[in-house]
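My notes follow in the order I took them.

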Amino acid sequence: LCRKILLTPGFAFVKMADQNKQIENMIAFITAEAKEKSTEIELEAQESYTIEKQRMIEAEKKKIKAEFDRKEKQVAVEKRIKQSNLQKEQRLKVLKQREELLQETLTLARRKLEALTKDGPRYQKILSDLIAQCAKEFKQQSAGKPIVVVGLRRDQAALNAALPEALALVKKTIGRDILLKVSDTVFLADDEVGGCNLQTEDGKIKAINTFKSREEATVMELQPRLRKLLFE
């Protein structure tokens, strides 16, 4: 049997109110969920932003530090190079000044030697000694063959005047006479200061005893001592 239900207007109003309430509840729930999700997304975005910002800051700090370190090293290298160049320049300057002072000392010594050649009696005695020193190197020379004395053109008179004493010194040293003659055709170079060379007539054997040769030998021997005396 079917029952016939009569719906009154009041009952319909209640049912519709329930439906509206359910819809409102559903809307409220969805809205809350949306707000919660929105807040969650916003928090995640803020966290991601903060992390990315911090990462970028740290990266920039590292970049700045690396650039600072590079420039600091560059400045240090440039400073060392400048210091090295300055020290090198100073050393070269000191060495140049020392060399100039040494050359001045040698120039002074040469001037004294030049002045000595103008002192007739004293220079003649020195020539006698120089000739005798060289003549000893020819003690094996056959008798009758003269040893040629070569000097400056301007010293011809002084050399001839020095021969007698030189011969006496040689005889006293080697125990016999030798023949000596002053060359009137062969002379020392113009840049020589004084002194003489001795040689055989054919020029194959020579003994050098000029002021210049003795000066050079003395400088080589005494240069370390001169540097020590002048610069230490």
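I began with Lys125. Lys125 is partly exposed, at 37% relative accessible area. My cut-offs are under 20% for buried, over 50% for exposed and partly exposed in between, with a 1.4 Å probe and protein chains only. Lys125 forms a salt bridge with Asp129, and the closest N and O atoms are 3.0 Å apart. I count a salt bridge when a side-chain nitrogen of Lys or Arg is within 4 Å of a carboxyl oxygen of Asp or Glu. Why does this pair line up in helix α2? Lys125 and Asp129 are four residues apart in that helix, so about one helical turn separates them. Asp129 is also partly exposed, at 27% relative accessibility.

A note on the source before going further. This is a predicted model in which local features need pLDDT of at least 70 and side-chain atom pairs count only at pLDDT 80 or more, while totals for chains, interfaces and linings use all residues. Residues are numbered from 1 along each chain as its sequence is written, and side-chain values use heavy atoms, with hydrogens and water left out.

**Overall layout**

I listed the secondary structure next. The protein has four helices and four strands. Along the sequence the pattern reads α-α-β-α-β-β-β-α. Helices (H or I, at least four residues) and strands (E, at least two) are DSSP runs, numbered from the N terminus. Of the 232 residues in the protein, 21% are buried. I then looked at contacts, meaning heavy atoms within 4.5 Å. Among contacts with a separation of 6 or more, 73% join residues 24 or more positions apart.

**Other salt bridges**

How many salt bridges are there by this rule? The count is 11. I looked up Arg55, which forms a salt bridge with Glu52, with the closest N and O atoms 2.5 Å apart. Arg55 and Glu52 are three residues apart in helix α1 (residues 9–116), so about one helical turn lies between them. Arg55 is partly exposed at 48% relative accessibility. Glu52 is partly exposed at 35%.

Asp177 pairs with Lys171 in a salt bridge, the closest N and O atoms being 3.7 Å apart. Asp177 is exposed, with a relative accessible area of 53%. Lys171 is partly exposed, at 42%. Elsewhere, salt bridges that share partners join Glu67, Arg70 and Lys71 into one network.

**The nonpolar core**

I searched for nonpolar cores: sets of buried Ala, Val, Leu, Ile, Met, Phe, Trp, Tyr and Cys residues joined through side-chain atoms within 4.5 Å. The largest has 24 residues. Ile131, Val149, Leu159, Leu180, Cys196 and Leu198 have the most contacts inside this core. At least two core residues come from each of α2 (120–135), β1 (147–150), α3 (156–174), β2 (180–182) and β3 (195–199). Which element gives the largest share of this core? Helix α2 does, with seven residues.

Leaving aside neighbours within four places in sequence, Ile131 is in contact with Val149, Leu159, Ala162, Leu163, Ala166, Leu180, Cys196 and Leu198.

**α2 against α3**

I checked how these two helices pack. Their axes come within 7 Å and cross at roughly 50 degrees. Axes are lines fitted to C-alpha atoms, for helices over the stretch in contact, and angles run from 0 to 180 degrees between N-to-C directions. Therefore α2 and α3 are oblique to each other. Under 35 degrees counts as roughly parallel, over 145 as roughly antiparallel, 65 to 115 as roughly perpendicular and the rest as oblique. The residues of α2 that meet α3 include Gln124, Lys125, Asp129 and Ile131. On the α3 side, Leu159, Ala162 and Ala166 are among them.

**Two single residues**

Pro164 lies in helix α3. Is Pro164 buried or exposed? Pro164 is exposed, with a relative accessible area of 55%. Pro164 and Leu180 are 16 residues apart in sequence and 9.5 Å apart in space, C-alpha to C-alpha.

I finished with Glu215, in helix α4 (residues 211–231). Glu215 is buried, at 16% relative accessible area. Apart from neighbours within four places in sequence, Glu215 is in contact with Leu106 and Arg110.
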